[in-house]
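I set out to read through this model and record what I looked up, entry by entry. The notes start with the fold as a whole and then turn to single residues.

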Amino acid sequence: MRMRFILSETWTSLRRNVSMIISVMLVTFISFVFIGASVLIQAQITKAKGDWYDKVEVVVWLCPDGTSQSASCSTGKAPTQQEIVDLEDVINNELGSDVSKITYMSREEFFKNTFLKQYPNGVYEGRTLNASDMQDSLRLKLKDPTKYQVVSEVLTGRTGVEAVVDQRQIFDPVFSVLNRATVVTVVLAGVMVVVAIMLTATTIRMSAASRKNETEIMRLVGASNWTIRLPFILEGVVASLLGSLLAVGALSGIVKVFVTDWLATSVQWMPFITQTTVWLTAPVLVVGAMLLSAVASAVSLRRYLKV
């Protein structure tokens, strides 16, 4: 009987305060879109780091045929197979304790397996390139990725070596930008959460004020504190539930349109988050919104009703 009464009072309050409920719902929606976006951006960073850093190598670019700005490539010719073998021997002898694996990649392999994946039509900066425009390279897997400088000092300037590149230097600026975007979304989400809490508290207080006489009657007939407060709390929880569900739907749509249907098809060399990531995040967002609303409502009512 008591639960039926509480639910009845909640439904009555929802019908009476439609405009205020919509306000709470929309603020919750906006707040949790920002929160969800920050979570998804961080999930994207983690996914990319996990995939890329696991594959990160030190790339020893060998001299190309033709002109090069490197003094070690002054002959204008790519190193012969014997010179490449000699260079591998140097790596094994002088860097054996730092390098766990050496992989030779010919220009043809690089063009087919790497370049065409990033540029499917072979077009780069307005030019159509082919395998002859690429360079041979040695890919070094380090036992400790932080030892890049040691490898660079040993190999840089050697005959046949044009440049030594640590792939982490390519990825780190990307992750830096993404991390800053996460910070911005977190700050905006924090501001919006504060706004949502304040609006929820105000809305519930106004709802309680509009039913002050009913509240006094309930108190006189011996209703418990929670019996009086619970319908108002549930009112805020329902509004936050609807707002958070809308936020999850919006995030799902954003991921589908901008990530799955666009980025994932045009940038095939990067792993992207999927709808699964959104649905794994959804319960946290929904439950978080409901808890915030319940706490804000309970604190507000405790002060206003003094019960």
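**Overall fold**

I first looked up the secondary structure and found nine helices and six strands in the protein. I note at the outset that the model is a predicted one.

I then checked burial across the protein: of its 307 residues, 41% are buried. For the surface, I recorded an accessible area of about 17,000 Å², with 63% of that area belonging to carbon and sulfur atoms.

**The disulfide**

I searched for disulfides and found one in the structure. Its partners are C63 and C73, with their sulfur atoms 1.8 Å apart. I placed both cysteines in the loop between strand 1 (58-62) and helix 3 (81-94), ten residues apart.

I next looked up the handedness of the link between C63 and C73: the angle about the S-S bond is -80°, and the link is left-handed.

Are the two cysteines buried or exposed? I found a relative accessibility of 2% for C63, which therefore counts as buried, the cut-off being under 20%.

I turned to Q44, which I located in helix 2, spanning residues 18-55. The relative accessible area of Q44 is 13%, and I therefore listed this residue as buried.

Which residues does Q44 touch, leaving aside those up to four places away in sequence? I found M270, P271, F272 and I273.

For I273 I looked at the atoms involved: a polar atom of the Q44 side chain lies 3.0 Å from the backbone nitrogen of I273. I thus have, for one glutamine, a place in helix 2, a buried state and a polar side-chain atom facing a backbone nitrogen at 3.0 Å.

**A nonpolar surface patch**

I recorded one of about 320 Å², made by V183, V187, V191 and V195. I looked up the position of one of these valines, V187, and found this residue in helix 6, which covers residues 168-210.

Terms used. Residues numbered from 1 in each chain as written. Predicted model: local features only at pLDDT ≥ 70, side-chain atom pairs only at ≥ 80, totals over all residues. Heavy atoms only, no water. Helix = DSSP H or I, 4+ residues; strand = E, 2+ residues; numbered from the N terminus. Buried < 20%, exposed > 50% of the residue type's maximum accessible area, 1.4 Å probe, protein only. Polar contact = N/O pair within 3.5 Å; in protein donor to acceptor, adjacent residues only side chain to side chain. Contact = heavy atoms within 4.5 Å. Patch = residues over 30% accessible without salt bridge, like charges linked within 9 Å, V, L, I, M, F, W, Y side chains within 5 Å. Areas by Shrake-Rupley, 256 points an atom, 1.4 Å probe, with all protein chains shown as cover. Salt bridge = Lys/Arg side-chain N within 4 Å of Asp/Glu carboxyl O. Disulfide = S-S within 2.5 Å.
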